[in-house]
Amino acid sequence: MPLRLEGTYTALVTPFRDAPDQPIDWEALDGLVEAQIAGGVAGLVPCGTTGESPTLSHEEHARVVELTVERARGRTQVVAGAGSNSTREAIALVQHAERVGADAVMVVVPYYNKPTQEGLVRHFVDVAKSTRLPVIVYNIPGRTGVDLALESLARICELAPNVLGTKEATGNVVRAQRIAQMLGSRIVVLSGDDALALPMIAVGARGVISVTSNVLPVEVGRAIELALDGKLEDARRQHMALLPVHDAMFLEANPAPVKAALALRGLTRDVVRSPLCAATEATRSALKAALDTFARGSL
């Protein structure tokens, strides 16, 4: 059966130990995966931006995906981050994800080398043709320096039938609307911004790849479920209650704030890899205040 892309997908953090070489904390990763599954999320997305994929070695990247698949054991979808600015490397990551049993892959627009739109189309088509897995295109021009044009996305969909979704982290609700107008049910739009999930669903998106759900999987999932069920007033109330938390998660470069929030709850150590820095005290205080305020309002 085709994969159903809908609901809340957690952009999973990669926990590190507080040691000189900052090795991955595998025990903490196990705990995070279990907590997400208990929280009822539709899927997990390891080794994306929030998972600090740029600073993972190839061996670490592979093992994080493998362990996430092993721990999920079919209880939730695993959409493996598998992007690169090298098409050959992206293909290798995608094929590894397929071998170890991931349900789908997320492939980011190639960063830094700034390909043309034709280069982007060829990249995604070549990657998609290398696998039988569903592919989610990840468009985040603020980090990659390149924006995938709507016309290019349409060409990719025409040439690569297994491209089934797009994570839209452009901050542009109008773009999500235009994808729905142009491509209809051909491709699923997932919001890449927690704070824009509700308005994007209102114009056709089917869910979110969330940072906040690392900390509040049940609560984020509820907001998305209400929106997808058409209970927009209830969804709006839940979304607005969560909005200060969403905003606090991006006071500094992701994932420093969400790791600080997880550390406040004793779920991980507050460790990010250089060149990122751990969240400042001001950000930690803002996170705590936002989470405490949300918790009081949920009682």
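Student: In which helix is the place of Val33?

Tutor: This is a predicted model, in which local features need pLDDT of at least 70 and side-chain atom pairs count only at pLDDT 80 or more, while totals for chains, interfaces and linings use all residues. Residues are numbered from 1 along each chain as its sequence is written, and side-chain values use heavy atoms, with hydrogens and water left out. Helices (H or I, at least four residues) and strands (E, at least two) are DSSP runs, numbered from the N terminus. Val33 belongs to the helix of residues 26-38, which is α1.

Student: Is Val33 buried or exposed?

Tutor: A residue is buried under 20% relative accessible area, exposed over 50% and partly exposed in between, with a 1.4 Å probe and protein chains only. Beyond four places in sequence, Val33 touches Leu12, Leu44, Thr68, Arg71 and Ala72, where contact means heavy atoms within 4.5 Å. Its relative accessible area is 0%, so Val33 is buried.

Student: Is Arg175 buried or exposed?

Tutor: Arg175 lies in helix α7, residues 173-183. Leaving out residues up to four places away in sequence, Arg175 touches several others, among them Asn139, Asp147 and Glu168. Because its relative accessibility is 7%, Arg175 counts as buried.

Student: Which residues have the most contacts inside the largest nonpolar core?

Tutor: A nonpolar core is a set of buried Ala, Val, Leu, Ile, Met, Phe, Trp, Tyr and Cys residues joined through side-chain atoms within 4.5 Å. The largest one has 81 residues. Those with the most contacts inside it are Val105, Leu153, Val163, Val215, Leu216 and Met249.

Student: How many residues make up the other core that lies apart from it?

Tutor: Val79, Met106, Ile136 and Val188 are among the members of this separate core. Its number of residues is 15.

Student: Is α3 roughly parallel or antiparallel to α4?

Tutor: Two packed helices are described by the angle between their axes and the distance between the axes. Axes are lines fitted to C-alpha atoms, for helices over the stretch in contact, and angles run from 0 to 180 degrees between N-to-C directions; under 35 degrees counts as roughly parallel, over 145 as roughly antiparallel, 65 to 115 as roughly perpendicular and the rest as oblique. Helix α3 (residues 87-100) and helix α4 (residues 117-129) pack at about 30 degrees, with axes 9 Å apart. Therefore α3 and α4 are roughly parallel.

Student: What is the handedness of the crossing of α10 and α12?

Tutor: Helix α10 (residues 232-248) and helix α12 (residues 281-298) have axes that come within 8 Å and cross at roughly 165 degrees, which means that α10 is roughly antiparallel to α12. A crossing is left-handed if the near helix is turned anticlockwise from the far one by less than a right angle, and right-handed if clockwise. The crossing of α10 and α12 is left-handed.

Student: What is the value of phi near which Glu52 lies?

Tutor: Most residues other than glycine have a negative phi, and most peptide bonds are trans. Glu52 is in the loop between β2 (43-45) and α2 (58-72), and with a relative accessible area of 3% it is buried. Its phi is positive, near 55 degrees.

Student: Which residue does a cis peptide bond join to Asn254?

Tutor: The omega of this bond is about 15 degrees.
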